[in-house]
Amino acid sequence: MTTYLCKSEPDDYSFDDLVRDKKTAWDGVTNNAAQMHMRAIEKGDEILFYHTGNEKRIAGLATVTKGAYPDPDKPGELASGEPKFVLFDIKPSKAAAKDCTLADVKADDRFADFALVKQARLSVMPVPAKLDTLLRKMAGL
């Protein structure tokens with residue numbers, strides 16, 4: 001099982017929206033690097049659901065219920081034969097009990113090489129196991 005951090009503007013789709021809806025397809029991602037990470041997402045992986053905008057915090061934890069599959073609204077293939085754009089489905093697992101903000105992460109030297117710090121605009125990224133444990137503790141997950 002791998003953990004990923006996925007960003008969403010809470011005004012567009014928040015963790016509370018996911019709880020209300022009970023499930024969703026993670027879509028709207030067009031960045032090539034983020035799509036590369038999305039292609040690796042499998043059923044059972046977990047998602048640290050991160051709110052961007054004014055919040056900049058981990059809002060909750062979600063579970064992948066269906067791994068990467070082709071986006072029916074964006075057909076096309078890469079030279080490798082893989083779909084150019086993919087989606088994956090998630091359901092809520094647990095809301096964060098504590099605020100774990102971007103400022104908290106940046107203030108901790110253990111996160112210096114983490115994509116959330118180094119590639120601020122990347123919307124989907126894997127979370128290294130050691131950092132996953134720290135982030136869950138910081139967010140009360």
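**Rings, charges and a helix**

K74 sits over the face of F85, 5.8 Å from the ring centre. Keep in mind that this is a predicted model.

**Aromatic pairs**

- You'll find four aromatic pairs in the structure.
- Take F15 and F49: their ring centres are 5.6 Å apart and their planes stand at 75°, so this pair counts as edge-to-face.
- F15 belongs to helix α1 (residues 15-21) and F49 to strand β3, so the pair ties together parts that are 34 residues apart in sequence.
- Both F15 and F49 are buried.
- Then there's W26 with F88, whose ring centres are 6.2 Å apart with planes at 15°, so that pair is stacked.
- This pair links distant parts of the chain, with W26 in strand β2 (residues 24-26) and F88 in strand β5 (residues 86-95), 62 residues apart.
- W26 is buried, and F88 is too.
- Put together, F15, W26, F49 and F88 make up one aromatic cluster.

**Helix α5**

- Helix α5 covers residues 129-139, and its buried residues are L131, D132, L134, L135, R136 and A139.
- Among the elements covering those buried residues are β1 (3-8), β3 (46-51), β4 (57-70), α3 (102-107) and β6 (124-127).
- In general, an α-helix has 3.6 residues a turn, so residues three or four places apart point the same way.

Note on methods. Residues numbered from 1 in each chain as written. Predicted model: local features only at pLDDT ≥ 70, side-chain atom pairs only at ≥ 80, totals over all residues. Heavy atoms only, no water. Buried < 20%, exposed > 50% of the residue type's maximum accessible area, 1.4 Å probe, protein only. Helix = DSSP H or I, 4+ residues; strand = E, 2+ residues; numbered from the N terminus. Contact = heavy atoms within 4.5 Å. Phe/Tyr/Trp six-rings, centres within 6.5 Å; stacked < 30°, edge-to-face > 60°. Lys NZ or Arg CZ within 6 Å of the ring centre and 35° of its normal.
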